[in-house]
Number of protein chains: 2
Amino acid sequence: MDRINRTSKLPLYYQLYEILRGDILDGKWQPGDMLPPESELVEQYQLSRTTVRQVLDMLVNESLITRQRGRGTFVAHPTLEQGLVRIISFTQDMRHRGLKPGTVILFSELIPAPKDIAQALGIEPGEQLARLDRLRLAEGEPLSIEESHLVHRYCPGVLEGDYVSTSLREALERDHGIRIVRAKQVIRAISAPANLARLLSIPPKAPLLYIERVSSSQHNVSIEFLRIYYRADRYSLYSELQG
Amino acid sequence: MDRINRTSKLPLYYQLYEILRGDILDGKWQPGDMLPPESELVEQYQLSRTTVRQVLDMLVNESLITRQRGRGTFVAHPTLEQGLVRIISFTQDMRHRGLKPGTVILFSELIPAPKDIAQALGIEPGEQLARLDRLRLAEGEPLSIEESHLVHRYCPGVLEGDYVSTSLREALERDHGIRIVRAKQVIRAISAPANLARLLSIPPKAPLLYIERVSSSQHNVSIEFLRIYYRADRYSLYSELQG
DNA sequence: TAGTGGTCTAGACCACAAA
DNA sequence: TTGTGGTCTAGACCACTAA
């Protein structure tokens, strides 16, 4: 049972936000389901209505829920347009798309930062990085390869975790108090190099959707440089634009 | 002097929102300028701090202002890198990237709507579409191909325009009163088919960034189905994510 | 009528930035 | 130390929906 930790440094609203957001993304409530009324959340989590409403406002802004005066609060129907605005975990992404996620660790070691990555992260070349390469599966079939590079100084020992069954983001928060709150990314199309093609079970030079992402913590420092190679035949991105 | 009308049916927060938003968009405050502190807005408009903060939250969500604890509230600098949030024209995009734009018309005719496009636009298959294919150049070199399909009923005669030197969006607004205010898009990576490769001056099967976009007007009807093929070696997308 | 979300208030204490 | 925004509370009244 998720509860609010009154002694935590995290704001109460943020804790409730993570609880409710997690429940929705994990499918504990289904689209169209009614959430508990505000009064009940107030009671259950012992928070003021203002704080509860602050959280619900955030979820509305993310299009995760909708509210109807006089009726209630409901889980929104997924529009699959969130891939380009919100950071979501691979597991959550797969669940959104209705696919069973899987993970294979390819590489997990400390390395000195190459020049380009050091520059992207704003650190000195040669500083220690925790590099974690993972093959991601959907329905047992290769979908993508993620090459994560974490600034080791901020999360010493991070590679000791088991990242087949637990999420890197959870470990960062739990063990190091680091929340990833922002990221910048570039999206490209590339031809698959031979080694990646083999891992992804596709022909060499097949098209890949390629993402380079620099993520920052709540302290506003860059914490991770991530490369993702998606099989183009199995993955696409959605977004909504405004005029 | 804009004031809050206490007898209006409009909520107080909404009235203040319109006042502040108008002042920012009208340039009464310039990007980087500090807004009056919350305490002063409370005083000036005789509202509670909660209500004032509700309005500021809305403006933050629109990226019109930013807030810094201990420093103040500031008018945001318009961000250029919104390729995945804001609809911008090819010409604007090129200007942002510092490249000279160019256009070659490849095809311009009325066609009956194929089934897939009809479905995406929510019209009957066979309904008349104005199809306009354009090769886009940057610095005189091919960059992308755009295949535009407009629902002709909403903009009869649209193909008579000269879309080398004028923008399709301008013509829609000027001649048909149609503003494109919203769009949904899917982003993929593909291998270039032979005919596109030739037009884009790249080898067959070279990777392309492929976008399918359905745009809607201010009247909330789908008006355009657009396919864009970008040379992957010359074009990438940028986006910012939030946790 | 009962229950829901929408609006609004007055106040408190905290964390951070700048002087 | 002062002034800023960040978080949180307890309570009030209203508007809408559904029974």
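Author: One term before we start. A helix axis here is a line fitted to C-alpha atoms over the stretch in contact, and angles run from 0 to 180 degrees between N-to-C directions. Also, this is a predicted model.
Reader: Okay. At what angle do H2(A) and H3(A) cross?
Author: Roughly 115°. Their axes come within 9 Å.
Reader: What does that make H2(A) relative to H3(A)?
Author: Angles of 65 to 115 degrees count as roughly perpendicular. So H2(A) is roughly perpendicular to H3(A).
Reader: Left-handed or right-handed crossing for H2(A) and H3(A)?
Author: H2(A) passes H3(A) in a right-handed crossing.
Reader: Which residues meet there, between H2(A) and H3(A)?
Author: From H2(A), Glu38(A), Leu41(A) and Val42(A). From H3(A), Arg49(A), Val52(A), Arg53(A) and Leu56(A). By class, this contact has 4 nonpolar, no polar and 3 charged residues.
Reader: Now H1(A). At what angle does it pack with H3(A)?
Author: About 45°, with the axes 9 Å apart. H1(A) covers residues 12-25, and H3(A) covers 49-61. That angle makes H1(A) oblique to H3(A). H1(A) passes H3(A) in a right-handed crossing.
Reader: Which residues of H1(A) touch H3(A)?
Author: Tyr13(A), Leu16(A), Tyr17(A), Leu20(A), Arg21(A) and Ile24(A). Their partners in H3(A) include Val52(A), Val55(A), Leu56(A) and Leu59(A). The contact of H1(A) with H3(A) has 10 nonpolar, 2 polar and 1 charged residues.
Reader: Switching topic. How many residues surround DNA strand C?
Author: 25. The closest are Arg49(A), Leu12(B), Tyr13(B), Thr51(B) and Arg71(B). Of the atoms of DNA strand C within 4 Å of the protein, 69% belong to sugar and phosphate.
Reader: What classes of residue make up the surface near DNA strand C?
Author: 5 nonpolar, 10 polar and 10 charged.
Reader: And which element gives the most to that surface near DNA strand C?
Author: H3(B), with 3 residues. Chain A elements that each supply at least two include helix H2, H3, strand S1 and strand S2. From chain B, helix H1 also supplies at least two.
Reader: Which part of Glu38(A) lies 2.9 Å from a phosphate oxygen of DNA strand C?
Author: A backbone N or O atom. Glu38(A) is also one of the H2(A) residues that meet H3(A).
Reader: What about Thr73(A) and DNA strand C: what lies 2.9 Å from a phosphate oxygen?
Author: A polar side-chain atom of Thr73(A). For Arg69(A), a polar side-chain atom lies 3.5 Å from a sugar or linking oxygen of DNA strand C.

Definitions and conventions:
Residues numbered from 1 in each chain as written. Chains lettered and ligands numbered in written order. Predicted model: local features only at pLDDT ≥ 70, side-chain atom pairs only at ≥ 80, totals over all residues. Heavy atoms only, no water. Helix = DSSP H or I, 4+ residues; strand = E, 2+ residues; numbered from the N terminus. Parallel < 35°, antiparallel > 145°, perpendicular 65-115°, else oblique. Left-handed = near helix turned anticlockwise from the far one by under 90°. Contact = heavy atoms within 4.5 Å. Nonpolar A, V, L, I, M, F, W, Y, C, P; charged D, E, K, R; others polar. Near = heavy atom within 4 Å. Polar contact = N/O pair within 3.5 Å; in protein donor to acceptor, adjacent residues only side chain to side chain.
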